[in-house]
Amino acid sequence: MKITRRSALKTSALAASALALRGSRLFSQAATSVDAHIAIVPGEAIGTISPEIYGHFIEHLGGVIYDGVWVGRDSKIANTGGIRQSFVDMMKSIKAPLLRWPGGCFADSYDWRDGLGPADKRPARAAFWGQTDSNEYGLHEFMHTCKATGAKPYLAANMRSLQARDFYNEIEYCNAPSGVLPTHSHSKPVADSFAAQRAANGDPEPFNVDLWGVGNESWGCGGNLVPEEYAAMFRRFTAWSPGYSSTPLRFVAVGPNGNDLDWTRRLFRSLYANAERRHLWGLSVHYYTSGSSKEFAAGDALKFSNDDYYDMLTRASIMERIVTGHFAAIQEASAGQSQPQVKLVVDEWGSWYSKSTQIGPEYNLSQQNTMRDALLAGITLDIFQRHADKVGAACVAQTINCLHSLMMAKDDQYFLTPTYDVFKMYMPHMGAQAVRAEFSASAITNPMANAPIPVGGNSYTGSLDPEKYLKGLSGSASVSPTNPKVLTLTVVNPHLDRPMAAEINAGGAAIASYTGTVLAAADVHAHNDFTERDAVKTVAAATASVSSGRVVHTFPPASVTSLQITLA
Ligand code: AHR
């Protein structure tokens, strides 16, 4: 059944009268009693918010690459060298820092050499996700996408079906400087043959890829390995790699599915069985929130009840215990070792529904994105920021035509989703200093908290303990890297029908003034689509007057807000 916005609105469990009431209260700042308190402590730094937590992920899956990112050089659709122009513009508008490719599960059956050279000579191959890949979009096209958008490349290397040597070669192909190089021996200087091949394929300058995923979901589609087997492979793949001083490498090891602490503990125990961990910088974490409380990858993106809504946001919030739990497990395993602290790289996160809102049969796993998903994005990004000392990078899965997307595109049409708005609103946090912010608000009881939480991805499904409470108001705060008197406070109010008036203070400092942007809609099912591209959009937040260095700001129901606060 095709789900239209109209039909979703009809099936909404919200009564019309409640909608009208919410509409009238959405953006007002009428004097009211205080429901919550937010105490920002500018002096208590957590860590610098890595801009890379705003990273992206694109995979050869359904319509993500072909038609989403890549329309082809001869396309009538506006493009930069074959890359959809509207995708480039969207990524630039949010200063997308990082782009992960080529998968996902696709990566572990992909040979990077298949995508080199003249496009009409490249082999078409059977690929993961039941597709045949023409290989028209290969390594160079990906690097051009990064260059056009301004994002840094994050490559996922094939560990299941290629050898360690192929991994070294890929690094060399990407990073070896061109021209004649010293041999550091008595033989005469020579040109690196991979650099020469890269130049012959159109790119003399090295791509300088520093961030490398060593495999993907090796407990599942990446090889069905146990942690000890993966640790041994990781050590072998990374024991030596071609190094170029301009590009110190950062390797990311495959981490758990969801909250599987056993994987992380055993992996690190096993890695330390031989303490040499060259360039191990991050541990990948994948956590998707299913649209259904009972089943993984189920539930409808547009049709959901109030109970489904609260339950899904509660389950999304367990990202916090995943982050703290796995970081603690790494620390525990690393005690007594003189190794740099390994960061978490949450390189797949987002909502995952059934296929009922796919934009077409060939757009596998594409799904609609409503205000509910915008709140999920806000909750997730705020968690990463509250743990800026632990999370080094993250990638939403996936940026276009897929699960939790910022953009949907089909032929010459496209629209941006409410999740895009959240990425845009949160931009001032990028590179800022995360500081402690205490939120006191009564929690919401999860109406569906009696069953285990379904977790998984394509590779695996399992379950976690049920979660009973959703924070009644949550968010994060940071201090501008250029002006210590400017704070950014982002806040999610998940209550469907309750505006939350919160008294905001900045500890010993006085608030002088503030401005803000808010994303809210009269119905949380609201979303954009190809015909109604602006059904959901941000507006300037109505502000309240500051009194004695504090302010009582009302956060509309089911909203995401970003405030820029100036201290006296
Ligand atoms: O993002 C879709 C899939 O989910 C990825 O390919 C895989 O890594 C995960 O299971």
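Where is the place of Asn 208? Asn 208 is found in the loop between α6 (193–200) and β11 (211–214). Helices (H or I, at least four residues) and strands (E, at least two) are DSSP runs, numbered from the N terminus. The structure is a predicted model, in which local features need pLDDT of at least 70 and side-chain atom pairs count only at pLDDT 80 or more, while totals for chains, interfaces and linings use all residues. Residues are numbered from 1 along each chain as its sequence is written, and side-chain values use heavy atoms, with hydrogens and water left out.

The backbone comes first. Most residues other than glycine have a negative phi, and most peptide bonds are trans. Asn 208 has a positive phi, near 50°. With a relative accessible area of 34%, Asn 208 is partly exposed; here buried means under 20% relative accessible area, exposed means over 50%, and partly exposed is in between (1.4 Å probe, protein chains only). Asp 67 also has a positive phi, near 90°. Asp 67 sits in the loop between β2 and β3 and is buried, its relative accessible area being 16%. Two cis peptide bonds can be described as well. One joins Gly 103 and Gly 104, with omega about 20°, and Gly 104 is in the loop between β5 and β6. Another joins Ala 397 and Gln 398, with omega about -10°; Gln 398 belongs to the loop between β15 (391–397) and β16 (407–410).

Helix α3 (residues 85–93) has several buried residues: Ser 86, Phe 87, Val 88, Met 90 and Met 91. An α-helix has 3.6 residues a turn, so residues three or four places apart point the same way. After α3 comes Lys 95, with a positive phi near 45°.

Next come the nonpolar side chains. In soluble globular proteins, nonpolar side chains tend to be buried together. A nonpolar core is a set of buried Ala, Val, Leu, Ile, Met, Phe, Trp, Tyr and Cys residues joined through side-chain atoms within 4.5 Å. The largest such core has 139 residues, and Ile 58, Leu 139, Tyr 230, Trp 349 and Phe 384 touch the most other members. Helix α11 gives this core its largest share, nine residues. A second, separate core has 24 residues, including Leu 487, Ile 504, Ala 544 and Val 551. For Leu 139, leaving aside neighbours within four places in sequence, the residues in contact (heavy atoms within 4.5 Å) include Trp 101, Tyr 110, Leu 155 and Phe 207.

Charged side chains are the next topic. Side chains of opposite charge can pair when their charged atoms come close. The structure has 22 salt bridges, a salt bridge being a side-chain nitrogen of Lys or Arg within 4 Å of a carboxyl oxygen of Asp or Glu. In one of them, the closest N and O atoms of Arg 73 and Glu 141 are 3.8 Å apart. Arg 73 is in the loop between β2 (55–57) and β3 (79–80) and Glu 141 is in helix α4 (residues 139–149), so this pair ties together parts 68 residues apart in sequence. Arg 73 is partly exposed at 48% relative accessibility, whereas Glu 141 is buried at 4%.

In another salt bridge, Asp 166 pairs with Arg 113, and their closest N and O atoms are 2.7 Å apart. Asp 166 is in helix α5 (residues 164–175) and Arg 113 is in the loop between β5 (98–101) and β6 (125–127), so parts 53 residues apart in sequence are tied together. Glu 320 and Arg 386 also form a salt bridge, with the closest N and O atoms 2.7 Å apart. This pair links helix α10 (residues 319–334), which holds Glu 320, to helix α11 (residues 371–386), which holds Arg 386. Both Glu 320 and Arg 386 are buried. Salt bridges also link Glu 52, Lys 152, Asp 210 and Arg 250 in a network.

A cavity is a set of points on a 1 Å grid over the protein atoms alone where a 1.4 Å probe fits but cannot get out. The whole structure has six cavities of 30 Å³ or more, a volume being the space filled by probe spheres set on the points, which are joined across faces, edges and corners. The second largest cavity holds about 70 Å³. Its lining (residues with an atom within 4 Å of a point) has 15 residues, of which Gly 215, Val 254, Ser 284, His 286 and Asp 347 are the closest to its centre. Strands β12 (250–253) and β13 (280–290) each supply at least two residues of this lining.

Technical notes
1 Å grid on protein atoms, 1.4 Å probe; cavity = no way out; pocket = protein on both sides within 12 Å on 5 of 7 lines; lining within 4 Å.
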